[in-house]
Amino acid sequence: MEFTRRLLDWYHENKRDLPFRQTKKPYHIWVSEVMAQQTQIQTMIPYYQRWIKVFPTIKDLANAEIDVVLKMWEGLGYYNRARNLHKGANYVMEHYNGELPADKQKLMEIPGIGDYTSSAIAAIAFDLPEIAIDGNVKRVMARYLNYTENANTRKAHKTFENFLKEELLKSKASPSDFVQALMELGALVYTPSNTTCEGSPFKEMCACYRGENIGTIPYFPKPKKVPIYPKTAWIYTEHKHILMSKDDSDGLMKGLYRLPQTDNHQKKKPIMKLTHKFTHLHWVIHVHKSETILKDENYFLMPIENLKDITIVTAHRKILQKLGYIKG
């Protein structure tokens, strides 16, 4: 129980005052966990606050048009997270009368909720003895246990989960506090750069703190190099209108507006350049102005003043902001 005592003592003294920690509402926890995936906490907080204001309940989210949902998400990226929240809300309305079930397995039946998110909701919102293991928790446990194998495998997940669940159950601590404490410790102390775990509440109990395998744990195989694609984005304006596109045939960011974009770069000098990184590929975009209107069934002229009201792919929204077509 010493592990849990030290962990919780540290947490109650050092935890950040985050808006989603001020509630136990399962829906709020669900939204916060989805938004926090692949996004820094400080970046997602204003999005979370606006989202809860516009969609205060699952019913409100389910009843919203998907275009409105995507617009609220604009700027966070990985738009499938927003689509899955919308799908999940409709599923919960249909199957659970708008209330998330207090059951990990039932939570996993909801579109977009997998093993991690279901565990987080179950533990944080319902105080069920589930363990949510994200990248932060992997760092804590790999360093604490001196786990030198690949920390991203199912074997590693079970090793960490079994250890933590045993600690949780024998200590009879609050699962909500226990799980959030682990996440917070990984975010604030067991960071990628703090390889000696300075500030760890475990101190001599932690293998890396004792000096074992410093800088090598957790071990994650190097990711494969992602392909880089040269792209040209086109700016064409006419009578306070701008040419836009709804061509999402590349399978990226379905349903979002974008500038007309073609493969490869032009020989002439672009008016600006932008590199946009997806998880599995990168776009290197050169931006050019077109003197004549480009023809394609997916292209159409839109009033420039309307750009602020539609959801535009992140890379092209940045271009339009940089060139002054969208303010702010």
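These are my notebook entries on what I looked up in this structure.

**Ground rules**

I am working with a predicted model, where local features need pLDDT of at least 70, side-chain atom pairs count only at pLDDT 80 or more, and totals for chains, interfaces and linings use all residues. Residues are numbered from 1 along each chain as its sequence is written, and side-chain values use heavy atoms, with hydrogens and water left out.

**Entry: the sheet**

I began with the strands. Helices (H or I, at least four residues) and strands (E, at least two) are DSSP runs, numbered from the N terminus. Two strands pair if DSSP finds at least two bridges between them. I found an open sheet of four strands, in the order β4-β1-β6-β5, with mixed pairing. β4 (261-263) and β5 (272-277) are at the edges, and each has a single partner strand, so one side of each lacks a neighbour in the sheet. On average, neighbouring strands here are turned by 30 degrees against each other, direction ignored. For such angles, axes are lines fitted to C-alpha atoms, for helices over the stretch in contact, and the values run from 0 to 180 degrees between N-to-C directions.

Next I checked what packs on the sheet. Helix α12 (residues 314-322) does, touching β1, β4, β5 and β6 (282-289). Contact means heavy atoms within 4.5 Å. The direction of α12 makes about 150 degrees with that of β5.

**Entry: pairs of strands**

I looked at β1 (residues 228-235) and β4. They pair in the antiparallel sense over three bridges. Thr 232 has Thr 262 in β4 as its bridge partner.

Then I turned to β5 and β6. Their pairing is antiparallel too, over six bridges. They form a hairpin, with four residues between them. His 276 stands opposite Trp 283 in β6.

I followed the side chains along β5. Buried means under 20% relative accessible area, exposed over 50%, and partly exposed in between (1.4 Å probe, protein chains only). Met 272, Leu 274 and His 276 point to one face and are buried.

**Entry: the core**

Which residues have the most contacts inside the largest nonpolar core? They are Trp 30, Trp 51, Leu 307 and Leu 320, in a core of 99 residues. Such a core is a set of buried Ala, Val, Leu, Ile, Met, Phe, Trp, Tyr and Cys residues joined through side-chain atoms within 4.5 Å. I listed the contacts of Trp 30, not counting residues up to four places away in sequence; among them are Ile 58, Leu 85, Leu 100, Ile 110 and Thr 117.

**Entry: helix α6**

Helix α6 (residues 80-96) has 17 residues. Its span from first C-alpha to last is 23 Å, close to the 24 Å expected at 1.5 Å a residue. The expected span is 1.5 Å times one less than the number of residues. Buried residues in α6 include Leu 85, Gly 88, Ala 89 and Val 92. The cover over the buried residues of α6 includes α2 (26-36), α3 (41-54), α4 (58-63) and α5 (66-73). Just after α6, Asn 97 takes a positive phi of about 55 degrees.

**Entry: helix α8**

I moved on to α8 (residues 115-126). Its 12 residues reach 16 Å, close to the 16 Å expected. Of those 12 residues, 10 are buried, so α8 is largely enclosed by the rest of the structure. The cover over its buried residues includes α2, α7 (104-107) and α11 (175-188). Asp 127 follows α8, with a positive phi near 60 degrees.

I picked out Thr 117, which is found in α8. Is Thr 117 buried or exposed? Thr 117 is buried, with a relative accessible area of 4%. Its side chain joins that of Gln 37 in a polar contact of 3.1 Å. A polar contact is a pair of N or O atoms within 3.5 Å; within protein, one must be able to donate a hydrogen and the other to accept it, and residues adjacent in sequence count only if both atoms are side-chain atoms.

**Entry: two loop residues**

Asn 194 is in the loop between α11 and β1. Asn 194 is buried, at 16% relative accessible area. Its side chain reaches the backbone oxygen of Val 189 at 2.8 Å.

Asp 248 is in the loop between β3 (241-245) and β4. Asp 248 is buried, at 17%. I noted its contacts, not counting residues up to four places away in sequence: Met 253, Lys 254, Gly 255 and Arg 258.
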